[in-house]
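This report describes a metal site, a helix pair and the domain division of one protein model. Please consult the sequence and structure shown here alongside the text.

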Amino acid sequence: MEQKELSTLREQMDAINSKLLELLSERAKIAIEIGEIKEKQGVPRLDPEREKIMLERLVASNPGPLPAATVRQLFKQIFQASMELQTAEHKKHLLVSRKQQQEDTVVDVKGLAIGGGTPIMVAGPCSVESYDQVRTVAKAISAAGVKLMRGGAFKPRTSPYDFQGLGMDGLKMLREAADEFGLSTISEIVDPRHLEAALPYVDIIQIGARNMHNFELLKAVGDMRTPVVLKRGLAATMEEFVHAAEYIVSRGNTQVILIERGIRTYEKWTRNTLDISAVPLLKQETHLPVLVDVTHSTGRKDIMAPCAKAALAAGADGIMVEVHPNPAVALSDAAQQLNIEEFNRFFDDVKKSGLFK
Ligand code: PEP
Ligand code: MN
C-alpha cells in the first residue's frame with residue numbers, strides 16, 4: 001500500500017516538475033522580450049529595485065512550508081538565469097557578433113584584403129620623424145613584400161614632454177613615401193577634429209590603445225567610411241573591446257579591424273602581456289579581422305618572431321611590427337623597434353614557419 005502511495009506521489013512530483021519547467025520557460029521568453037525592449041530604450045538590463053519589489057511580494061504571499069529565505073534564494077537564482085539569458089541575447093544582437101554575421105568581414109584597402117584568409121604584415125616606424133626616415137623604411141618593407149605601412153604622426157605619449165609627433169606634416173611625409181613604393185598607410189588620429197584633414201593621407205585610421213574608450217572619437221570614425229584599426233585598451237576586457245568596435249560599426253562604418261596589442265599585467269619581463277587567447281576569442285565572437293601587434297605587446301625584439309607565429313597559429317589575420325632605420329636614435333619606442341636587417345630576418349623567420357601564406 002505504502003509502495004503504491006510513494007509511486008503516486010512521485011508521479012505527482014514529476015508532473016509538477018514539468019509544469020514548473022514549462023512556467024520557467026514561459027518566464028524566460030518574457031524576460032528576453034523585456035531585455036529587447038530595454039535594449040531599444042537604452043536602459044540597463046539589471047533593475048535591482050524591481051527585483052527587490054518582486055522578492056518582497058513573493059515572500060509576503062509565501063504559503064509555506066518553504067522558509068522565506070529559501071523562497072528568496074530560489075527566486076534570486078531564477079532572476080539570475082533571466083539576466084544571463086538577456087546578456088546572451090544582447091551579445092547575439094551586436095552588429096560585430098559572429099551570430100549576427102556568419103561570414104568574415106574582409107576589409108579591402110586598395111586591393112589588399114585584410115581578413116580574407118591570407119595574413120598580412122603591417123610594418124613601419126613608431127613615429128614619423130623625417131621624410132628620409134619614412135622613405136628608407138618604405139623602400140625596405142616594400143622590397144620585402146609588405147603592402148601596408150604604419151607611422152604615427154599624432155603620438156599619444158605618457159609624458160607631455162615627450163615627442164608628440166609631427167602632426168599633419170608627418171602624415172604628408174608618410175603618404176609621399178608610401179605612394180612612391182605603392183604602399184597603403186595606417187596612422188593614429190587622436191582628435192575627431194583632425195579626421196577630415198587626415199583623410200587624403202591615411203588609408204586606415206588607427207585608434208590607439210589609450211583611446212579605445214574615447215567614445216566620441218569612436219563615434220566620429222564610425223560616421224566615416226574609411227577603414228579603422230582599433231587597438232585593445234591597456235586594461236580592456238574582451239567585452240569592452242568588442243563594445244568599442246560596436247560603437248564604430250553601429251554608426252555605419254563596417255570596415256573595422258581589431259588589434260590585440262598586449263594588456264597590462266604584473267609581469268615585468270615584457271612591456272605588456274600578449275593575450276594570445278584574445279585572437280581565437282575575437283575570431284569566434286566577432287566577424288572582424290584580427291591583427292596582433294608584436295611590438296607593443298612584447299616590447300622585446302628577441303621574442304617577436306615566435307609571438308608572431310603564435311598569433312598566426314591562433315588564427316590572426318596579420319601582424320603589426322615597428323621598423324626604424326636606426327632604432328637607437330628613434331624619438332619614441334627606441335628599445336623595441338626593429339632595424340631593417342632585423343625586420344628582414346623577422347619576416348623571413350615568420351614566413352619560414354609556413355603560417356604566412
Ligand atoms: C602605436 O601603435 O603607435 C601605439 C601608440 O600603440 P598603442 O596604442 O597600442 O600603445
Ligand atoms: Mn610605438
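## Metal site, helix packing and domains

The manganese ion (ligand 2) is held by C126 (SG), H296 (NE2), E322 (OE) and D333 (OD) at 2.0 to 2.4 Å; donors are N, O and S atoms within 2.8 Å of the metal (3.2 Å for Na, K and Ca), and sites may look incomplete because water is not among the atoms. Along the chain, the donors of this ion show the spacing C-x169-H-x25-E-x10-D. H296 and E322 link distant parts of the chain, being 26 residues apart.

| Donor residue | Element | Residues of element |

Helices (H or I, at least four residues) and strands (E, at least two) are DSSP runs numbered from the N terminus.

This is a predicted model, in which local features need pLDDT of at least 70, side-chain atom pairs count only at pLDDT 80 or more, and totals for chains, interfaces and linings use all residues. Residues are numbered from 1 along each chain as its sequence is written, chains are lettered from A and ligands numbered from 1 in the order in which they are written, and side-chain values use heavy atoms, without hydrogens and water.

The axes of helix α4 (residues 131–143) and helix α5 (residues 168–180) come within 9 Å and cross at roughly 30 degrees. Axes are lines fitted to C-alpha atoms, for helices over the stretch in contact, with angles from 0 to 180 degrees between N-to-C directions. The contact (heavy atoms within 4.5 Å) involves Y131, V134, R135 and A138 of α4 with M173, L174, E176, A177 and E180 of α5.

By an automatic or database domain assignment, the protein chain is divided into domain 1 (2–93) and domain 2 (107–352). Their C-alpha centres lie 47 Å apart.
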